[in-house]
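Me: Could you take me through this structure? I would like to begin with the ligand site and then turn to the helices.

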Amino acid sequence: MKIIVLVKHVPDAQFDRHLTGEGNTADRSESILSELDEYALEAALQLIEARGGEAAGNKVIALSMGPAGAVNAVKKSLQIGATEGVHLSDEALAGSDAAATSLALAAAIRHLGTETPVDLVLTGMASTDGETSLVPAQLAERLDLPQVTFAASLELDGGRLTARRDGDTHADTVEADLPALVSVTDQANDPRYPNFKGIMAAKKKTITTLALADIGVDPGQVGRAGSWTAVETAEARPARTAGTIITDEGDAGIQLVEFLAAQKLL
Amino acid sequence: MAKVLVFIDNPGQVLKKASLELLTIARSLGETAVAVNGELHDDVLDTLAAYGVQALYRPSAADLDDYLVGPKASYLAAAVQTAGATVVLTENSAEAKEVAARLGIKLGAGVITDVVAVDPDGTAHKSVLAGSYMTTAKATTPVAVLTVKPNSITPEPAVTGTAPSAVTVPVPDTATAASARVTARSEKAASSRPDLSEARIVVAGGRGVDGNFGPLEELADALGAAIGASRAATDAGWIGHDAQIGQTGKTVSPQLYISAGISGAIQQKAGMQTAKVIVAVNKDAESPVFEIADFGIVGDLFQVLPQATEEIKKRRG
Ligand SMILES: Cc1cc2nc3c(=O)[nH]c(=O)nc-3n(C[C@H](O)[C@H](O)[C@H](O)COP(=O)(O)OP(=O)(O)OC[C@H]3O[C@@H](n4cnc5c(N)ncnc54)[C@H](O)[C@@H]3O)c2cc1C
Ligand SMILES: Nc1ncnc2c1ncn2[C@@H]1O[C@H](COP(=O)(O)O)[C@@H](O)[C@H]1O
C-alpha cells in the first residue's frame, strides 16, 4: 500500500504570529509541523502497520510544499515514522492561495504515482495557519478522487474505506473505494511522538526535493501570480486587554449580573 | 448590476438566520438568485420572496445528499452558469466550505472563507491567525466564491418582495462518478437552546466543570444562551463534540461569551476571542483566560454561576 500524507510547515501558534511583506503572507520564522497533520500521519502509520508495515512493501510518503524551512516538517514526519519524504520547493510557489497550492500538490501527487500508483492521499482537517480546509476538497476535485473529508474515524477493509463524519445536525457513515483522498480530524486518533529510535532511523531515510520543472507545472500557474485570490490589506487587531478582575468574596455572582446589566446584556 | 447566487443546502421548514444574512448581503451586491438543494417548503419560498430573490434554482437530481460534496459542487457550477452569476455566497459550515472549494476549481474562481463582510465592489473582510489580524481579500477571477460566517450582518427583508418560481438545473450524469457515498446517517436530536454558531450569548464550560454542566445549563436557560465547551470537556465525554469551541471546533462571535472552568489555551481562544464581551470564571487567577476577559471572576464556578442565575431570576421577578 502506498500512502501520501500531506504535511504543512506552519508558524507555531504558541508564539505571536505575523503577516509580512507584499501579499501579507505569514512569517515562518518560528514554524513547526502543523499539529493537525500529525493526525493524518498517525492514521497512515496505523493503516500500514495493520498490513505488515514496510516489510510487506507498504510505505508512507510525507509530502510538504513550502520554502526551505518546510523540510523540517518532512524531517519530523520521518522521525515519527514516515518511510520517505518529499519536499516541493520553488521560489515561484511563494504566496500561493488554496487554488494554487492544490494545483502544485496535485501535480506532485501525480508525479509520485507515475511508477507505482498511490492508494491513498491523507491530509489534516485544516492547516493551523490558513485554516481554510479548502486544499483537501480541491485536491479531490483536481485528482478526480473520491473525497472522504473530516473523518473522525477511518477503517479500511480490502479496497474499501469507511469513515465517520460528524456534522452539526447529523453524523454520517461515508464509504469509498481506493484510491481516495481522506482528511482526518483531531478525533481520529492519538498521534505518537518521535522516540529516540525513530529520530536515529530518520537520519537514514530519503528526502527528495522537487521543483516545479520536475512536476511539469508552469511557474505562472502558482504563487502570487497564479493565485485566484489576493490579500489586499492586513491590520493587526489590537490585542484584547484584560478588563476588571475580581476575586469572589461571596457575592461575585451578583456582581456578574450587575456587569451584564450595565453592558445591557440581560 | 452584479448577479449573485446564494447556495442554500437543505433549507428545512424555515430558513436559518445564517441564510437570511446571505440573502441580505447578496441584495447589497446586486440581483439575487438562489440555488437550493433538498425540499422546498412554502414557508421558505415565502421568505425568499420577501427577501427579494429574483431567480430560484433546484437540481434535477434528488440524491445529492447521498454523496459527499462533489455532486453538490457540480450542481452549483451548473446553476452559476445558468444564472450568469459573478458572486457566489454560501454559509461557512465545513460542508459548505468544501462545496465552495470544489466549485472554485470547476469555475476557475477564487474562494474566500470565513468572510464577515463584503463591500459593494466584492472586497471580502475576514480575520485570520485566530483573530489576530483583520484582512481584506479579493478574488482576481471573473467569478468570486465567498463563504460567510453567521452573525455577520442583521438580516433585512427587501423593500419590495418578489415572486420567484423554481427552475430546474440539470445535474451532469458524471457528477457522482468519483464520489464517496453516504451509506448511513443518524440525525442528531435538536436542542431547545439556540444554535451555537448563531447564538447571541454562549455559556461555555471546560475541565473545571468536572462532569457537571448543570449550573451552566441553568445559567444558559436564564440568559437564552447556547452551551459551548472546551476540548477537554468534549474529550472527557461530558458533552457532545458539536459543542466544542476552538481551533478544531466551532468559531463563535457572540455578543457575550461566559467562560467557566476553562484555562484559555490558544486553541480555545481561536474560537471565541472575537466575542464582543468576554466573562471568565476560573479558580486560578493565573489562567490565561483572564488576559482577554472584560470581566473576570477568580472563584469557584459552582458558587458563582448558581448565584448569578438566582440573581437574574430575582431581577426578572
Ligand atoms: C491540535 C489541537 C487542537 C485543539 N483544539 C481545541 C479546540 O478546538 N478547543 C479547545 O478548547 N481546545 C483545543 N485544544 C486543547 C487545548 O490546547 C487545551 O488543552 C484545552 O482547551 C484545555 O481545556 P480546559 O481549559 O477546559 O482545561 P484546562 O486547561 O485543564 O483548564 C481547566 C480550568 O478550570 C479551572 N477550574 C477547575 N475547577 C474549577 C472550578 N470549580 N471553578 C472554576 N474554575 C475551575 C482551572 O483553574 C483551569 O484553569 C486543542 C489542542 C490541540 C493540540
Ligand atoms: N503547503 C502544503 N504542504 C503540504 N500540505 C498542505 C499544504 N497546504 C495544505 N496542506 C494540506 O491540506 C490540509 C488543509 O489545509 P488548508 O486547506 O490550508 O486548511 C493540511 O492539513 C495539509 O494536510
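Predicted model: local features only at pLDDT ≥ 70, side-chain atom pairs only at ≥ 80, totals over all residues.

Me: Which chains surround ligand 1?

Reply: Ligand 1 is surrounded by residues from chains A and B, so the site is shared between chains.

Me: How many residues are around ligand 1, and which come nearest?

Reply: There are 29 residues around ligand 1. Those that come nearest are R207(B), S230(B), Q244(B), S263(B) and N282(B).

Me: What about Q244(B), how far is its side chain from an oxygen atom of ligand 1?

Reply: An N or O atom in the side chain of Q244(B) lies 2.7 Å from an oxygen atom of the ligand. For S287(B), a side-chain N or O atom is 3.1 Å from an oxygen atom of ligand 1.

Me: And which residue has a polar backbone atom 2.8 Å from a nitrogen atom of ligand 1?

Reply: That residue is I245(B).

Me: Now the helices. At what angle do helix 7 of chain A and helix 8 of chain B pack?

Reply: The angle is about 55 degrees, and the axes are 7 Å apart.

Me: Is the crossing left-handed or right-handed?

Reply: Helix 7 of chain A passes helix 8 of chain B in a right-handed crossing.

Me: Which residues make the contact?

Reply: Helix 7 of chain A contributes A252(A), G253(A), I254(A), L256(A), V257(A), E258(A) and A261(A). From helix 8 of chain B come V304(B), Q307(B), A308(B), E311(B), I312(B) and R315(B). By class, this contact has eight nonpolar, two polar and three charged residues.

Terms used
Residues numbered from 1 in each chain as written. Chains lettered and ligands numbered in written order. Heavy atoms only, no water. Axes fitted to C-alpha atoms, helices over the stretch in contact; angles between N-to-C directions. Helix = DSSP H or I, 4+ residues; strand = E, 2+ residues; numbered from the N terminus. Left-handed = near helix turned anticlockwise from the far one by under 90°. Contact = heavy atoms within 4.5 Å. Nonpolar A, V, L, I, M, F, W, Y, C, P; charged D, E, K, R; others polar. Near = heavy atom within 4 Å. Polar contact = N/O pair within 3.5 Å; in protein donor to acceptor, adjacent residues only side chain to side chain.
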